[in-house]
Amino acid sequence: MSSIKVIGGGKLKGETKIQGSKNAALPIIAATVLNKGVTILKNCPKILDVFHMIKVLNELGCMATWEGNTLIVDTTTITSTKVSESSVQKMRSSILFLGALLGRSHEVSIAYPGGCSIGKRPIDFHLDSIKSMNVSQEFLGEDKDIIYCHTDKIIGTDVFLKFPSVGATQNVILTAVLAEGVTRIYNAAREPEVLELCNFLIEAGARICGRGTAFIEIEGVRRLHDVEYRLPADRIVAGTYMAAVAAVGGEVILHDTPVGQLDSVIRVLDKIGCSIRTTDEYMRISSNKRPLPYGILKTQPYPGFPTDMQSQLMTVLSIADGKSTIIEEIFESRFQNVSELKRMGANITESKNKAVISGVKRLKGAQVVAHDLRAGAALVIAGIAAEGETIVRNANSIERGYEDICRDLSILGANVQYCSDNII
Ligand code: EPZ
């Protein structure tokens with residue numbers, strides 16, 4: 001178990017580069033299975049979730065090697081269509097191998113992904129949609145928690161998603177790419193990571209239109225081909241560092257920021273007092289006063305305000321000059337940070353999916369726990385804003401999505417470092 005020690009105080013200043021996108025990399029790594037050949041992924045982040053996906057590729061008989069931040073994946077041969085329970089329990093995004101292995105081998109055996117700290121996270125939309133594509137599903141094992149899907153032919157059909165689920169949209173696309181006929185997804189997720197998956201698949205020979213919209217149409221093709229693809233920068237990592245400037249003040253330049261994917265975050269940070277200037281290559285964000293309160297902030301599917309930025313904004317609003325309300329509309333238990341921030345002196349009351357935050361002048365350092373990667377990053381920001389020393393435990397949950405948050409924030413002048421639990 002690792003921890004991060006933060007000594008609070010001081011504004012942020014300097015420049016850093018934003019890493020490749022975790023949530024674009026994970027579905028695209030699963031998608032490489034659809035091609036019997038080699039895929040080259042540039043700007044791939046070296047994070048725990050990517051390492052987990054590589055482990056699943058190895059379990060399937062595929063190879064993956066690194067050259068710097070370029071991941072070279074060889075899926076010429078598949079020796080298994082079983083995704084182990086430990087892999088799925090460790091990392092829910094392994095569920096995206098469901099559609100990819102069905103597309104490649106017309107069968108897959110995969111364990112039910114468990115819930116996590118932010119919610120139960122069922123996969124009913126995934127299973128119901130894929131079943132309608134001429135795929136039979138059986139639930140095996142003592143606890144019926146192993147899903148075995150198989151088909152002699154995947155047949156394209158119309159899929160109506162009850163909610164624009166990112167993962168369900170991606171799994172249907174992966175199942176449909178090599179299917180017979182046309183699959184139309186209604187109420188598809190519009191997140192940039194769905195668009196990126198479609199861009200990658202089109203470059204590999206898939207026939208997809210409507211990418212990035214709520215209506216996506218996939219015409220099945222016979223095979224894909226090798227492709228070299230550069231992953232975009234991570235919009236949530238960029239948003240996290242923007243929130244850090246909003247919380248502690250200073251002036252920072254973020255290179256490689258996917259500016260076009262951050263409209264809703266920029267609007268919120270602008271409203272609470274940040275000044276933000278953007279060019280095609282970078283973003284300059286500065287703040288020289290205490291954050292203003294926000295009023296009511298609701299998380300929404302893209303292009304609304306992202307749930308993955310909710311914890312970071314809660315940290316910023318906990319020291320704002322007034323009262324704000326956050327309403328979490330996507331996950332049923334994504335307020336784990338409330339108790340941690342209160343340990344640091346924040347004044348927050350929560351009921352169901354609503355948190356009312358009365359800003360305090362200053363937080364004080366404390367020992368806190370990271371319950372998920374975004375909540376952990378938000379606690380690091382809280383530690384920088386606080387007086388004194390903060391220890392963020394369970395920091396390896398942060399490493400699931402942040403290549404090196406201590407490296408990035410230290411370059412900007414923050415006093416943050418990894419430390420092992422036993423010296424605290
Ligand atoms: C993706 O998760 C992201 N993960 C999450 O980021 C992100 O928070 C989420 O989308 C929402 O934007 C990756 O891209 C790897 P959903 P996903 O399916 O696909 C319910 C991070 O911090 N639902 O859009 O699992 C579900 O319970 C992570 O990087 C069903 O009920 O999200 C949730 O309440 C955290 N049944 C809502 O829909 C289903 O079959 C949205 O989930 C599927 C989802």
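Begin by selecting Ser129 and the residues it touches: setting aside neighbours within four places in sequence, Ser129 is in contact with Val159, Leu161 and Val172, where contact means heavy atoms within 4.5 Å. Ser129 belongs to helix H5; helices here are DSSP runs of H or I with at least four residues, strands are runs of E with at least two, and both are numbered from the N terminus. Ser129 counts as buried, at 7% relative accessibility. Buried means under 20% relative accessible area, exposed means over 50%, and partly exposed lies in between, with a 1.4 Å probe and protein chains only.

A word on what is on your screen. This is a predicted model, in which local features need pLDDT of at least 70 and side-chain atom pairs count only at pLDDT 80 or more, while totals for chains, interfaces and linings use all residues. Residues are numbered from 1 along each chain as its sequence is written, and side-chain values use heavy atoms, with hydrogens and water left out.

**Next stop: the two domains**

Colour the protein chain by domain: domain 1 covers 2–19 + 233–423, and domain 2 covers 22–230. These bounds come from an automatic or database domain assignment. The C-alpha centres of the two domains lie 30 Å apart. Their contact takes 27 residues from domain 1 and 23 residues from domain 2.

**Next stop: the ligand**

- Asp124: a polar side-chain atom lies 2.7 Å from a ligand nitrogen atom.
- Phe125: a polar backbone atom is 2.8 Å from a ligand oxygen atom.
- Asp308: an N or O atom of the side chain is 2.6 Å from a ligand oxygen atom.

The ligand taken alone exposes 830 Å², and the protein buries 88% of that; accessible areas come from the Shrake-Rupley method with a 1.4 Å probe.

**Next stop: Asn43**

Select Asn43, in the loop between strand S3 (38–42) and helix H2 (48–59). Asn43 is buried, with a relative accessible area of 11%. Asn43 has a positive phi of about 60° although it is not a glycine. Beyond its neighbours within four places in sequence, Asn43 is in contact with several residues, including Lys17, Asn69 and Arg230. A polar atom of the Asn43 side chain lies 2.9 Å from the backbone oxygen of Leu231.

Go to Asp256, in the loop between strand S15 (250–255) and helix H9 (263–271). Asp256 has a positive phi of about 65° and counts as partly exposed, at 31% relative accessibility. Finally, centre on Pro303, in the loop between strand S18 (295–298) and helix H10 (310–317). A cis peptide bond joins Tyr302 and Pro303, with omega about 10°. Most residues other than glycine have a negative phi, and most peptide bonds are trans.

Key: Polar contact = N/O pair within 3.5 Å; in protein donor to acceptor, adjacent residues only side chain to side chain.
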